[in-house]
Amino acid sequence: MAAHDVIVIGAGHNGLVTAAYLAKAGRRVLVLERRESIGGAAVTEELMPGFRVSSLADGPGYLSARVRRDLKVESRVEILASDSVAFCPQPDGSQLTIWRDQARTIEEIARFSRADAEAYPGFVELMSRIGDVLGALMEMTPPDLPEVGMQDLRGGLGLFGPLRRLGRKRIGDLLRVLPMPAEDLLSEFFESPVVKAAIGASAMLGISFGPREAGTAYTFLANWAQSGNGLFRSAGVVKGGMGALTEALGDAARGFGAEIRTGTPVEKALVRDDRVVGVKLADGEELEARVVVSNADPRTTFEQLLEPHTLDASFTRNLRAIKYRGSSVRVHLAVRELPEFSALAGGDAAALRGPIQIAPSLDYVQRAFDCTKYGRCSENPYLDVLIPTLSDPDLAPEGQHVVSITARYAPYALRSGSWATHRDTFADVVVGTLAEYAPGIRETILHRHVLAPTDLESTYGLPEGNPNHGEMTLDQFFHMRPIPGYARYRTPISGMYLCGAGTHPGGGVTGIPGHNAAREILADAK
Amino acid sequence: MPRVTPLHSRVGPLCQGSRWEEWSGFLTATMYELDHLHEYNAIRTGCGLFDVSPLLKYDIRGRDAVTLMNRVIVRDAKKCRIGQVLYTTWCDDDGKVIDDGTVSRLADDHFRLTAAVPALHWLQHNAIGLEATVEDVSEQIAAVSIQGPTSRDLLAKLTNADLPNLRFFHCTQADVAGADAWISRTGYTGDLGYEVFVEPQNAVKLWDAMMELGDSYQMRPAGTVALDLARVEAGLLLIDADFISAAQTMFDVQKTSPYDLGLAWMVDLEKDFFIGQRALREEKEKGSRWLTVGLELDVTVMEKFYAEWGMPLHLPDRTWAEAVPVFADAAQTKHIGRGTSGTWSPVLKKYVVIARLRPEHAKPGNKIFIEEVIEAVSYSVPATVVKMPFFDPPRKKAWGAEAK
């Protein structure tokens, strides 16, 4: 008899969530991780001597409430929410901060537009209602259209409440807004470019589109649905960095009896007569299991772990059609002292504890995106900045800080040159851009560590540097994620499942794909 | 606007009535004289020379070339030896035929596939995860086909290849008329014959050398009308006549599997995975919708039908290719299939039809009825199910000592 019922390939957060749920249900689970540490794209690493950073993902706020509860995450790790949700310094020295506290936010907005301040509560209410519908949709296993069965109706019951609360009239609104550009949606409510950018920019963090592109309203709403704070994005940090969160998920899985082996790359999933029978490790060892779950993205799963020439042509055609197109660069700075933002002079320093957005207008973000259409990096990038050491000083030597920046847009596929040469050039542009808002920062930098899209691919196993295992666009959503007909976490190989961000509902450290996959695996065992 | 082949300077002036048609974007002669029967008779008694340069040709190379071929075709490419040629179909996921053609193994890691409809994208797409390249070499290689009983003797005058020992559906690299060539003992006539592939700049030299010897071997340049007649006698299927590519129709009812087409012999269900394998396994178990067979029509009965109108018997002198209803009974109450192409065979003196029938009616010797419309009135002509090919001379496959 095989030593394990289930092998999970990859100890990213979703792989760990799947492992935990399956172990909790009594399965003998083995998790195999290629790297020396678990966490995947949610890791804390000492990328600069003495400075630990959340290498890629840094937002803990998207983790599903259900997963937090079921896996007792909060008893294992400290999640530090910030009062500030977005600190938005402007080129003219002014600033707008969105606070968790709505009354405070309205006061801030009123400085830019009284009409926008008045529109804000209604906007939040409508978006939250729509977000609730999407939130319910995210926990569903998508149907195989057009063959909708009883199981889909049962799964769809969760939609009933949110849809009723949204109201008949506004269901029409939901269908209307999803395919819209985010900019158009925000312009229906707001007039100030500063306000629109403060609220809308972060929807572009996980997508290679600008806010004037169709379907970005969906991305905006998906963030809303997952942030769980009645706001458009997550805000806060994990004590110990994101790696502490995945360590907690790993502890939960181990607590239920799962075994996790790091430094153990899997070479192939072993298949006999269209059925998975185990895995072959890179060192040649073969391990048996009736169920194999891949936390890797679809391309890696089907093109590397499986033999793609044994899959149907229509399947591989759809596989090839999945858009990845990463366009983010991570720049980590180790700084001697806390950067001083000119826009904050005399203001509430708590504003810096949340995300800092360098995106003065959505037009600015759109222009930052435009270059990527032609394979160039933005010369005026949109920056999403976090200083985790304000809430969690232990990450850096005393009095010193980590500044982690997600810089957009910088395409994986460059028209000319390579990332080997562009890595530092673009990082210079990023630091230069930040210095326009925090003038003294350059002189305080002790170390800099840059992760280009190609680094995301080679080090973290994210094809084309897309952390979401495939773009989070409307055409790669729900029953179309990752492939129409295979959105139910199953694959053409019997016993082989997907549990990563490539499946519904996609990327972000939500744990929902992992949770949903475990549910389907257990349902098949019945 | 169709383009011309590398042989246009030769075939152009020969084509007396400018009777051209389009083949893969190139002008091709339907007949060189004003009637096709001389050309047909040359194929069966001397030889016919065809310009087949428009044939679509793809080179598949690389460490995984054999795996790519095996993923695509229904036959086992692993069993294809170097210098061997396979006639094969390739299917979609549902086991429905996309196209048919030949696959030649030119080296361990080099195959050449010929096709009727463009296949580059299909091959490239299916190379996913494989170390194999696909190149469209259609225009880098010109080709002539020499078909008929004297073809070997004529070609032997021009080449150093060991033709008597080149077996049916095998190919060899050789010098032909001073040019580097691949000689393939294949064709579309069901007769002794060869296809010769050369670089385009050598095509005219090759053609001229053959034409110079032509008179001594009763050779004539021949066009597609004569070829179409010969291919029906040989029981060889034609796309858009005997089947429709599954890639070119949206309707399941118009798609056919290799089993439907009478090509069960080529489907290797035991080999490595190929596209359509699952569906074909299921079909083999459950049975097919159709079976493609030959029909021989009773022309004496046909003659009587014409006599009712005071007319002499009319027989088709070239191949028709359209769906003609076939019935189990003369009263035409039970429809059992269709004729897909047919012709009067001059060499056999028989009216032969390729037909797709319900399998239970497709046993050899079974008597059925096929519609013949005379003066807009439908008649039922008795016909007998026969095995194909209709015409299968021993010289087609003869080799070694048998090939004098």
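Hi everyone, let's start with charge: in chain A, the mean positions of the 55 positive and 63 negative charges are 5 Å apart. Keep in mind that we are looking at a predicted model. Chain B carries 44 positive and 55 negative side chains, and there the centres of the two sets lie 5 Å apart.

Let me stay with chain A for a moment. Its secondary structure comes to 17 helices and 19 strands. Along the principal axes, the C-alpha trace spans about 70 × 55 × 50 Å. How does the radius of gyration of chain A sit against that of a compact globule? A globule with 526 residues would be near 24 Å, and chain A has 22 Å, which agrees. On burial, 60% of the 526 residues of chain A count as buried. If we take the contacts in chain A with a separation of 6 or more, residues 24 or more positions apart account for 73% of them. As for the surface, chain A exposes about 19600 Å², and carbon and sulfur atoms supply 50% of that.

Now over to chain B. Here we have nine helices and 19 strands. The radius of gyration of chain B is 21 Å, close to the 22 Å that the globule rule gives for 404 residues, so chain B is as compact as a globular protein of that length. Its C-alpha atoms fill a box of roughly 60 × 50 × 50 Å, again taken along the principal axes. Buried residues make up 58% of the 404 residues in chain B. Among the chain B contacts with a separation of 6 or more, 66% come from residues 24 or more positions apart. The accessible surface of chain B is about 17000 Å², with 52% of it belonging to carbon and sulfur atoms.

Next, the cysteines. How many disulfides does the structure hold over all chains? The count is zero. Take Cys377(A) as one example: the nearest cysteine sulfur belongs to Cys371(A) and is 8.3 Å away, and Cys377(A) is in no disulfide. With a relative accessible area of 15%, Cys377(A) is buried. Cys47(B) is in no disulfide either, and the nearest cysteine sulfur, from Cys15(B), is 19 Å away. Cys47(B) is buried too, at a relative accessible area of 0%.

Let's finish with the backbone, for those of you who enjoy the details. Most residues other than glycine have a negative phi, and most peptide bonds are trans.

In chain A, the peptide bond from Arg408(A) to Tyr409(A) is cis, with omega near 5°. You can find Tyr409(A) in the loop between β17 (401–408) and α14 (419–437) of chain A. Another cis peptide bond joins Arg481(A) and Pro482(A), where omega is about -5°. Pro482(A) lies in the loop between α16 (453–460) and β19 (496–498) of chain A.

Then we come to positive phi. Lys72(A), a residue other than glycine, has a phi near 50°. Lys72(A) is in the loop between α2 (65–70) and β5 (79–81) of chain A. Is Lys72(A) buried or exposed? At 52% relative accessibility, Lys72(A) counts as exposed.

In chain B, Asp240(B) has a positive phi of about 70°, although it is not a glycine. Its place is the loop between α7 (224–233) and α8 (277–286) of chain B. Asp240(B) is exposed, with a relative accessible area of 54%.

Conventions:
Residues numbered from 1 in each chain as written. Chains lettered and ligands numbered in written order. Predicted model: local features only at pLDDT ≥ 70, side-chain atom pairs only at ≥ 80, totals over all residues. Heavy atoms only, no water. Helix = DSSP H or I, 4+ residues; strand = E, 2+ residues; numbered from the N terminus. Rg over C-alpha atoms; globule rule 2.2 N^0.38 Å. Buried < 20%, exposed > 50% of the residue type's maximum accessible area, 1.4 Å probe, protein only. Contact = heavy atoms within 4.5 Å. Areas by Shrake-Rupley, 256 points an atom, 1.4 Å probe, with all protein chains shown as cover. Lys, Arg positive; Asp, Glu negative; His and termini not counted. Charge placed at Lys NZ, Arg CZ, Asp CG, Glu CD. Disulfide = S-S within 2.5 Å.
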